[in-house]
Amino acid sequence: MPRLFIILLTLLLAGPLSAQLPPLPYAINYGVEDGLPSSEVYVVMEDSRGYMWFGTDNGVARFDGYEFTTYEEAEGLEDLVVYSIKEGPDGQIYACAGKSAQVYVWRENTNRFLPFTGNAALREEALRVNNIHAKIKGVLPGGRLLINLSTAGPLIVSGDGSIEKRYTPNLPWGFTSILENPTIERTGAFFATEADRHRAKQLRSQGVVKTYLKDPFGRVLHQHDFTADNWIPYFNSFTFTTISHDQDTTVVILREGLARVFSINNPAAAREYVVPGKNRGLFKYKLRAEGFLLGFNNGQGLRYYETLTDFLTGGGQTLIDNCNASYVAEDRYGGLWVTTTDRGIFHFPNPAINIYDQRQGYPNAKVISLATIGEKRIAAGYENFNLIVTTENPFGFQSINQKYNTPYKPLTLFFEAFSNQLFSITFHLNLKEKVLRLNGGVKINRYRFYEDTTLLAAGLNGPAHFSTRLRARIPAFTFDFLRDREDFLYANDYRILPNGTHLVASKHGLHRWENYDTLIKDNLGYPELDVRIESIEILSDSSLLFATRGRGLMHLSNDSLTVIGKQEGLASENIRHLTIAPDGTIYASTFSGLSIVRFSDLTPTGSKQPYTVRTYTTAHGLPSNEIHQSASGGGKVWLATSGGLVDFQETPEDSVATPPDIRQLRVNGELISLSEDINLSPDQNDLEITFSTINFAMRGNIPYRYRLHDGEDWKYTKQRTLRLANAAAGDYQFAVQSRNQDGYWSEAASLRFNIGQYWYRTTWFWVLAVAGLLLALYLSLHLRQRRIDRERELKEQAVELERAALRAQMNPHFIFNCLNSINKFILKNEADNASEYLTKFAHLIRQTLNISVRDEHTLYDEINMLKNYLELEKLRFKDRVNYVLTTDPELALHDISIPPLLIQPYVENALAHGLSDDGKSIVKINFDKTENGLSISVQDNGKGIDPTKPHSNKSLGMRLTSQRLALLAQKHFGVELEVSNMNAMEGGGTTVTIFITSTTVYN
């Protein structure tokens, strides 16, 4: 066993402090360095939009939670000493420069102050009564101002410059004060004072003085006759308020060093008290219970009184010291604002959360450890090695100064009630004997009790446990750690589970401690637990809760591991300490705030249950986000923070977040009016949208999310300005939301605008451009087709002319042959034959003339002409010529069109050159239908064509016909010519076949 070190120390116990002060809420001080125009501030007011306005001796300031906007000469204030600020029903802000009795009106559209139109009348009235000290007490409908002149009483000044009403009832003295409250406690009341002091003295000498309490409209709220022995408030400077309690209202009138107090229900029982200091005003504010605040201008600052008795008997508590308090106001979020004439502004975000710090004499250092001692006391360890133990007195404590040199801060504290021992990392303190002993050179991170029989310890040297039988001699026990073993482990926590498993937490995860000898790494089957674990908690349903560094909380229940991290609402996933309150509430301490976790139900079955998480930060009134530890006892929760010891109280959750206000829109650097329809040109595409949410508690650390079009994913930011450079054309539906301190997102503020397209990028342009291109293409193709058609027409005309010329050449040739035959008949005196021939010739000539102007005629006409021609040839050659003409019955002779005189030259050639050896010629002409058109064959019975001999003597008709066939092919007639010799079996001779394939054939 290591040697037992016992060091008896002389403890300097401070005992209960002479001034056992209650805790105070956390306050933020704003001064000139934060943007105030001056540290001398007279008044504060919250407007309907949530801005805080301040009147100073160097102008007006407006605060939005981020920064101060100041208004001085350049913004329209001619007199910068502003004593009062009020908002009118129309949202206009009125600021009164009291010494010059001038009022200025703030216009939102110009963000400037303009002189009130009734200033001249107000100034004249102030000079008339020899009083240049004015305050605005209210703004009536129509922009009329209720103004109080300190020695002449109230009056109403209209915007047209007239004094509408003076409150000077038929009394021996005037009115000098108005209290601006809506009820008898807070409104306003005029109190008769000193306008005519000599007159008041005369009345008092006669035995009776009448004192009136009236509302702003002259109605008497209270009247009391004071006797000559009573005190009459005829002093120059006084303040007045009322306090409601127990269905009664107490009126308090203050002047330097004196307080006159009487009840509305029993004014005759008025009493006078001497009060310390030169007060600046009695501000009724319900901080706790029925308490109220009183400001002093002699350096005593702002004091808080639980009861009127505390105030009258010199009790109370200083909230702000070493300053001159001038005004107090409460904002819509429950925050308290205090103005001073020498230290600027103090803001209490959450007066319900109380803090013990240097203001009550506690050490001015970070609180790093806590331990509850019974139901009413608590021990706190500080970073500067101090240790305090509170007394049973609600606000007292003892400071323990350690008179030895130890390099270890009290990082952990644990109280063992049986032996009255307070354990720390390197020592244990007997509170009863006031003796402190070292832990034998070992360092303990955490102490636990197991079933009230065993003390468990985890520290730098590993785990250890001790039987409670040692309690009687705890001052002499030693710690038997595994520090001499090779498997030494720095333990963060040590627990014995319900199943008897000894589980040790360390930076390497979890280990089982078996037989108090062997440490075995064991993540319980969950790799997620292979992480630094700070503590192990056993919940009421025997499920396990692990606090980790880096992965938040892990809840192991019913063989299921649930991870609770930032996404689920934790302040941070680096948990430094856990506290389980008696009701099962879990307090997780992090350096980003305090998270409170509640499982909806923890049943013995250990089934996975839903949970809730709520996080507290400086936005909720904590003095710091660095929460080192927490402790629960006696119905209270204590927090060890870097800003002091906190007596923590949960506050109602704010589930309705304030939506942002879209402040301005700049386009290409210029301000644009925010209207419903904002239409921008294509060049106006550099935009800057400024938005902001007023939330003083969050001190400018407000998360926002925005999107540019409906249905898009949100983008997150903490910036209050969105810049869109070279924004694309189109319709935009900008929407922005803000999140409050409880994690709720607000309704969206929206701004719709449109950026136009360049004309050459618009849809209409492209539609017209495509239409133009299509039209141009159509016109181009049309013109080309017309040109092609024209060229074809010209070509066809040329072909037709050439064909006509050929026909013209053929007709004379044919006529010549016919006339030659007629001439032979005449020479032979064959008059009858000549006449018959001439008749048929005339008929043929008529047919020829009819077709001379046509490109085509029917097959029927062609056959008729051919028959006439053959008949003429028979007459000319008599019985030497014969012919056979056949037609296919399927041929529609009247529906088929072919070029005229196409066959005749071949028939003529057959007659002229196809004579047989006996001098007789038989010509067979066949017209047959083919699959694709028509075939015409002309067969003679001559000798045929000798291929070895040239045919240079081709007739003119044949040459002309060959040219016609070539021209017909150019006119899309499919014409083929086939010439063949017939063999002896077939009768000999030559066969000419013409194949015509053309749509014209079947027209």
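1. Basis. The model is predicted, so local features need pLDDT of at least 70 and side-chain atom pairs count only at pLDDT 80 or more, while totals for chains, interfaces and linings use all residues. Residues are numbered from 1 along each chain as its sequence is written, and side-chain values use heavy atoms, with hydrogens and water left out.

2. Overall make-up. The protein chain has eight helices and 72 strands; both are DSSP runs numbered from the N terminus (helices H or I, at least four residues; strands E, at least two). Of its 1003 residues, 51% are buried, where buried means under 20% relative accessible area, exposed over 50% and partly exposed in between (1.4 Å probe, protein chains only). Among contacts (heavy atoms within 4.5 Å) between residues at least 6 apart in sequence, 52% join residues at least 24 apart.

3. Nonpolar cores. A nonpolar core is a set of buried Ala, Val, Leu, Ile, Met, Phe, Trp, Tyr and Cys residues joined through side-chain atoms within 4.5 Å. The largest one has 45 residues, and W53, F54, V60, I85, F113, W337 and F648 touch the most other members. Strand 3 (residues 41-46) gives the largest share of this core, four residues. A second, separate core holds 42 residues, including A834, I845, L885 and I898. In soluble globular proteins, nonpolar side chains tend to be buried together.

4. W53. Residues up to four places away in sequence aside, W53 touches V43, V44, M45, D47, V60, A61, R62, Y71, I85, I93, W106 and F113.

5. Y42. This residue is found in strand 3 and counts as buried at 11% relative accessibility. Its side chain makes a polar contact with the side chain of E40 at 2.4 Å. A polar contact is a pair of N or O atoms within 3.5 Å; within protein, one must be able to donate a hydrogen and the other to accept it, and residues adjacent in sequence count only if both atoms are side-chain atoms. Y42 and S84 are 42 residues apart in sequence, with 7.5 Å between their C-alpha atoms. Beyond neighbours within four places in sequence, the contacts of Y42 include V81, V82 and Y83, as well as T339 and T341.

6. D64. A charged side chain out of solvent deserves a look at its partners. D64 sits in the loop between strand 5 (59-63) and strand 6 (68-71) and is buried, with a relative accessible area of 6%. Its side chain reaches the backbone nitrogen of Y66 at 2.8 Å and that of E67 at 2.9 Å. Not counting residues up to four places away in sequence, D64 touches Y51, R663, S692, T693, I694, F696 and R720.

7. Second largest pocket. The volume is about 1200 Å³. A pocket here is found on a 1 Å grid over the protein atoms alone, as an open set of points where a 1.4 Å probe fits, with protein on both sides within 12 Å along at least five of seven lines; lining residues have an atom within 4 Å of a point. Grid points are joined across faces, edges and corners, and the volume is the space filled by probe spheres set on the points. The lining has 38 residues, with T412, L413, R446, H577 and Q629 nearest the centre. Strands that each supply at least two lining residues include strand 31 (367-373), strand 46 (533-538) and strand 54 (627-633). By class, 17 lining residues are nonpolar, 13 polar and eight charged; Ala, Val, Leu, Ile, Met, Phe, Trp, Tyr, Cys and Pro count as nonpolar, Asp, Glu, Lys and Arg as charged, and the others, Gly among them, as polar.

8. T590. Located in strand 51 (residues 586-590), T590 is buried at 1% relative accessible area. A polar atom of its side chain lies 2.8 Å from the backbone oxygen of G593. The C-alpha atoms of T590 and H628 are 6.7 Å apart, although 38 residues separate them along the chain.

9. Positive phi. Most residues other than glycine have a negative phi. A101 has a phi near 55°; it lies in the loop between strand 8 (93-97) and strand 9 (102-107) and is buried, with a relative accessible area of 0%. L524 has a phi of about 60°, and at 27% relative accessibility L524 counts as partly exposed.
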